[in-house]
Amino acid sequence: ELFSDNVKELTEEQENKIKEYWKKYTKDFDIAYHKYYIDRTGNFDERFIPDDLFVGYIDGYLNNRAIEPGIADKNYFDLYLKGFNLPKTYVHLINGVFEDKDYNIITKEKAIEILSSTTDITLKPSMASYGGKGVKFFKNPTKDELLNCFNNLEDENLIFQETVKQSKETAKLHPSSLNTIRIMTLILDGEVKVLPWCAFRMGIGKSKVDNASFGGIYCKINEDGTLSNFAYDALGKKFDKHPDGGNFLDVKFEFMDKIKDLVKESAQRFPHFRLIGWDIAVTDENEPIIIEANLTMSGMDLIETICGPLFGEYTEKVLEEVFLKKHTRKRILKT
């Protein structure tokens, strides 16, 4: 329904051009996705990646889905991404076991003691967490408040981290949510490529998270760091200004080069995942900080709705490798 509602029809010439481009890779694709992305971006391009092909073929080829559940556990990012800028971790909860920031096992009482001595805490599910679900915030928590929280946990895998104080520029349109930049990396030809498109994700209303599933919106970041003059929500509704009144054109990011350098280096820690969608916040000192590494299913639709074909200039190389080359079967663990 999403890909057919209020979407302009393509001309016969455009449809033929899309089919001609894709027939050398596969005949099994749905042109409805092209219609949607061309309509929403306002730009015709036969290289848009249909969602069904991305989910069914491309993501699974580029990324090792078999090991993703363990590798994507946020509790281990302090190890995988040691040396990179991450939110400070206070306490880990892994499989129901409490550990301190250095992975030493501690009691529940010790965890409460550590957390009660902090001021701002963000609690997140560390596994299978999507769209901001289960994220909670604590400000100057008391021991009783934390004990009540621990006695009513609905998850055995959680991470307790500092609440990031963000840059004035990323906070300008919606200061109550931590607004992030979605930027994607691709390992191709033995090196990390930073894909050409970036999106700025913003919360709306009283939301403290920027996820589209919580009503958040996203906007294209232009090459010069300015925002485009429109944004969309998860259902494809267009906004010419922020729902809370701000103007997208009033925002400009001067730190995009720092962000690109950060993800280009960070991606080298995850060669099992050649395509990663990074969610990067910017601190009040204008330094990028890694909030999330989406190792599979990295939000391609977000990028293609506001920017253009996901892989840009690398599209043909990716499609040739996925669809035309002989593949070696990935080794997976068997039970």
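Keep in mind that the model is predicted.

I start with the cores. The largest nonpolar core has 39 residues. Which of its residues touch the most other members? They are Trp-22, Ile-49, Ile-58, Leu-186, Leu-275, Leu-310 and Phe-311.

Take Leu-310 as an example. Leaving aside its neighbours within four places in sequence, Leu-310 is in contact with residues including Ile-49, Phe-54, Met-184 and Leu-275. Its contacts also include Leu-195, Pro-196 and Trp-197, as well as Met-300, Ile-303 and Glu-304.

There is also a second, separate core, with 37 residues. Among them are Ile-187, Ile-221, Met-256 and Ile-259. As background, nonpolar side chains in soluble globular proteins tend to be buried together.

Two of those names, Met-256 and Ile-259, come back in helix H9, which spans residues 256-266. Which residues of H9 are buried? Met-256, Ile-259, Leu-262, Val-263 and Ser-266 are. Seen down the axis of H9, the buried residues fall within an arc of 120°, so they line one face of the helix. In general, an α-helix has 3.6 residues a turn, so residues three or four places apart point the same way. The partners of the buried residues of H9 are strands: they pack against S6, S7, S8 (217-221), S11 (275-282) and S12 (288-294).

Cys-198 counts as buried, at 4% relative accessibility. For Cys-219, the nearest cysteine sulfur is again that of Cys-307, 8.8 Å away. Cys-219 is buried too, with a relative accessible area of 0%.

Last, His-92, which is found in strand S1 (residues 89-94). Is His-92 buried or exposed? His-92 is buried, with a relative accessible area of 0%. Its side chain makes a polar contact with the side chain of Asn-75, at 2.7 Å. Beyond its neighbours within four places in sequence, His-92 is in contact with Asn-75 and Asp-78, with Val-97, Phe-98, Glu-99, Asp-100, Lys-101 and Tyr-103, and with Leu-158 and Ile-159.

That is the end of the walk-through.

Key. Residues are numbered from 1 along each chain as its sequence is written. This is a predicted model: local features need pLDDT of at least 70, side-chain atom pairs count only at pLDDT 80 or more; totals for chains, interfaces and linings use all residues. Side-chain values use heavy atoms; hydrogens and water are left out. A nonpolar core is a set of buried Ala, Val, Leu, Ile, Met, Phe, Trp, Tyr and Cys residues joined through side-chain atoms within 4.5 Å. Buried means under 20% relative accessible area, exposed over 50%, partly exposed in between (1.4 Å probe, protein chains only). Contact means heavy atoms within 4.5 Å. A disulfide is a pair of cysteine sulfur atoms within 2.5 Å. Helices (H or I, at least four residues) and strands (E, at least two) are DSSP runs, numbered from the N terminus. A polar contact is a pair of N or O atoms within 3.5 Å; within protein, one must be able to donate a hydrogen and the other to accept it, and residues adjacent in sequence count only if both atoms are side-chain atoms. The arc is that of the directions from the helix axis to the C-beta atoms.
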